[in-house]
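Student: I am new to this structure. Please take me through it one question at a time.

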Amino acid sequence: MNRRFSLSVSATLALSTAVLVGLPVYAGSATAATTTSACNPAFAPYGLIGDKWRASGGESSIFGCPTRAEYGFTANHARRQDFRNGQIGWSPALGPKMLIRTYASGGKAVFQWGPTGRDWDYFEVRYSFNNEEVKTYKVKRRDPWNGGFSRPIHGPGPEELGSTGELHYFSVRGCDNSGVFQLGSECSGWSLPGRL
């Protein structure tokens with residue numbers, strides 16, 4: 001009787017292992033790469049970028065469908081994915097879940113970021129339009145970990161990558177006031193740039 005019990009426990013464990021091995025690590029989690037029939041499944045967003053895209057409404061969101069697969073950068077370990085109407089990028093230098101987002105809305109080029117992973121007194125945004133001079137803006141925080149910035153589109157809106165149309169470039173960093181009278185500032189490194 002003990003032998004039969006051992007065999008049935010062994011058989012149960014073997015069956016459980018076979019079932020579990022066949023499932024991907026992210027099966028059933030929010031990070032599963034899913035997309036609908038309107039979007040190319042080869043470009044299905046995943047991970048933090050996919051979570052943000054789906055939370056924003058997926059293909060019906062301000063971003064629309066992805067236009068290419070997620071890609072990475074070796075220098076800063078950041079990742080980005082391009083969508084029909086903008087970009088979502090992961091910039092771990094500013095926090096483990098830091099995402100930047102660019103998109104067009106209401107006649108404006110919009111740049112949002114967060115969560116940064118720490119409390120900042122304010123943010124600085126570098127902005128350039130059509131490869132003109134880069135300007136730096138001091139931006140009040142929406143809350144200690146998130147922020148946003150926008151500029152007029154001045155044209156037809158988001159252009160396909162590789163286009164010679166009007167382009168907006170954004171980058172952000174967090175800053176703290178420092179010194180006895182908080183006259184100076186200490187800032188983080190710059191985020192992955194966003195492009196619209």
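**Strands, rings and disulfides**

Student: Is strand S4 (residues 99-105) largely enclosed or largely open?
Tutor: Buried means under 20% relative accessible area, exposed means over 50%, and partly exposed lies in between (1.4 Å probe, protein chains only). Strands are DSSP runs of E with at least two residues, helices are runs of H or I with at least four, and both are numbered from the N terminus. Five of the seven residues of S4 are buried, so the rest of the structure leaves this strand largely enclosed.

Student: What kind of model is this, and how are residues numbered?
Tutor: This is a predicted model in which local features need pLDDT of at least 70 and side-chain atom pairs count only at pLDDT 80 or more, while totals for chains, interfaces and linings use all residues. Side-chain values use heavy atoms, with hydrogens and water left out, and residues are numbered from 1 along each chain as its sequence is written.

Student: How many bridges does S4 form with strand S5 (residues 108-114)?
Tutor: Two strands pair if DSSP finds at least two bridges between them. S4 runs antiparallel to strand S3 (residues 86-90), joined to it by five bridges, and tryptophan 90 has leucine 99 of S4 as its bridge partner. With S5, S4 also pairs in the antiparallel sense, and the number of bridges is seven.

Student: Which residue takes a positive phi in the hairpin of S4 and S5?
Tutor: Arginine 101 stands opposite glutamine 112 in S5. The hairpin has two residues between its strands, and the positive phi, near 60°, belongs to glycine 106.

Student: Why is the ring pair of tryptophan 53 and phenylalanine 83 called stacked?
Tutor: Rings of Phe, Tyr and Trp (its six-membered ring) pair if their centres lie within 6.5 Å; planes under 30 degrees apart count as stacked, over 60 as edge-to-face and the rest as tilted. The structure holds eleven aromatic pairs. In the pair of tryptophan 53 and phenylalanine 83 the centres are 6.0 Å apart, and the pair is stacked because the planes are at 20°.

Student: How many residues apart in sequence are the parts tied together by phenylalanine 111 and phenylalanine 170?
Tutor: The ring centres of phenylalanine 111 and phenylalanine 170 are 4.9 Å apart and the planes are at 10°, so this pair is stacked. Phenylalanine 111 is buried at 0% relative accessible area, and phenylalanine 170 is buried at 1%. Phenylalanine 111 lies in strand S5 and phenylalanine 170 in strand S9 (residues 168-178), so the separation of the parts they tie together is 59 residues.

Student: Is the disulfide of cysteine 39 and cysteine 65 left-handed or right-handed?
Tutor: A disulfide is a pair of cysteine sulfur atoms within 2.5 Å, and cysteine 39 is joined to cysteine 65 with an S to S distance of 2.0 Å. Both of these cysteines are buried. The torsion about their S-S bond is about -75°, so the disulfide is left-handed.

Student: What is the relative accessible area of cysteine 187?
Tutor: Cysteine 187 is joined to cysteine 175 by a disulfide (S to S 2.1 Å), and this link, with 110° about the S-S bond, is right-handed. Cysteine 175 is buried, at 0% relative accessible area. Cysteine 187 is partly exposed, with a relative accessible area of 30%.
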